[in-house]
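We will go from stop to stop, with something to select at each one.

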Amino acid sequence: MALTKQTITESVAEKLDLKPPQAKDIIEDLIEIMKSTLAAEEDIMISGFGKFQVKKKSPRKGRNPATSKEMILDGRRVVVFKCSGKLRDRINEGQ
């Protein structure tokens with residue numbers, strides 16, 4: 001099951017004893033801060049959780065699967081996530 005923004009909002013509201021609209025505003029603000037930070041190509045490091053980073057992909061050769069025609073795909077930026085050692089250990093405990 002996926003963790004949704006709604007579920008996170010409800011959990012924050014319950015844990016911090018807030019009204020749901022207040023928790024929703026907090027979550028929305030946090031997501032906007034993360035978006036603008038990544039758009040500025042800055043890393044986001046969350047201690048004990050991991051690091052979000054923007055990586056640049058170079059242009060590359062590709063192929064249209066429908067026509068088999070080769071083409072050059074433009075370079076682009078992608079967001080990558082690397083989990084912290086603590087998170088990795090927690091995910092793997094009990095295996």
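Begin by selecting helix H1 (5-16) and helix H2 (20-39): each supplies at least two residues of the lining of the largest pocket. Helices (H or I, at least four residues) and strands (E, at least two) are DSSP runs, numbered from the N terminus. A note before moving on: this is a predicted model, where local features need pLDDT of at least 70 and side-chain atom pairs count only at pLDDT 80 or more, while totals for chains, interfaces and linings use all residues. Residues are numbered from 1 along each chain as its sequence is written, and side-chain values use heavy atoms, with hydrogens and water left out.

**Stop one: the pocket**

Which residues line the largest pocket? Select Thr 4, Lys 5, Ile 8, Ile 27, Leu 30, Ile 31, Met 34, Ile 46 and Phe 49 to show the lining. H2 gives the largest share of it, four residues. Sorted by class, the lining has seven nonpolar, one polar and one charged residues. Here Ala, Val, Leu, Ile, Met, Phe, Trp, Tyr, Cys and Pro count as nonpolar, Asp, Glu, Lys and Arg as charged, and the others, Gly among them, as polar.

The volume of the largest pocket is about 190 Å³. On a 1 Å grid over the protein atoms alone, a pocket is an open set of points where a 1.4 Å probe fits, with protein on both sides within 12 Å along at least five of seven lines; lining residues have an atom within 4 Å of a point. Grid points are joined across faces, edges and corners, and the volume is the space filled by probe spheres set on the points.

**Stop two: along H1 and past its end**

Now pick Gln 6, which sits in helix H1. Its relative accessible area is 49%, so Gln 6 is partly exposed; buried means under 20%, exposed over 50%, and partly exposed in between (1.4 Å probe, protein chains only).

Asp 17 comes next, in the loop between H1 and H2. This residue is exposed, with a relative accessible area of 71%. Its phi is near 55°, a positive value in a residue other than glycine.

**Stop three: the three-stranded sheet**

Colour E1, E2 and E5 to bring out an open sheet of three strands, in the order E1-E2-E5 with antiparallel pairing. Strand E1 (44-46) and E5 are at the edges with a single partner strand each, so one side of each has no neighbour in the sheet. Neighbouring strands of this sheet are turned by 25° against each other on average, direction ignored.

How many bridges join strand E2 (residues 50-57) and E5? The two pair in the antiparallel sense over eight bridges; two strands pair if DSSP finds at least two bridges between them. Select Lys 51 and you will find its bridge partner in E5, Lys 82.

Bring H2 back into view, lying across E1, E2 and E5 and running at about 40° to E2. Axes are lines fitted to C-alpha atoms, for helices over the stretch in contact (heavy atoms within 4.5 Å), and angles run from 0 to 180 degrees between N-to-C directions.

**Stop four: the hairpin**

Move to strand E3 (residues 60-63) and E4, which pair in the antiparallel sense over four bridges. Arg 60 stands opposite Leu 73 in E4, and Arg 63 has Glu 70 as its bridge partner there. Six residues lie between the strands of this hairpin, and Ser 68 takes a positive phi near 65°.

**Last stop: two loops**

Asp 74 is in the loop between strand E4 (70-73) and strand E5 (76-83). Is Asp 74 buried or exposed? It counts as exposed, at 66% relative accessibility.

Finish with Ser 84, in the loop between E5 and helix H3 (85-92). Ser 84 counts as buried, at 16% relative accessibility. Leaving aside neighbours within four places in sequence, Ser 84 is in contact with Gly 48, Phe 49 and Gly 50.
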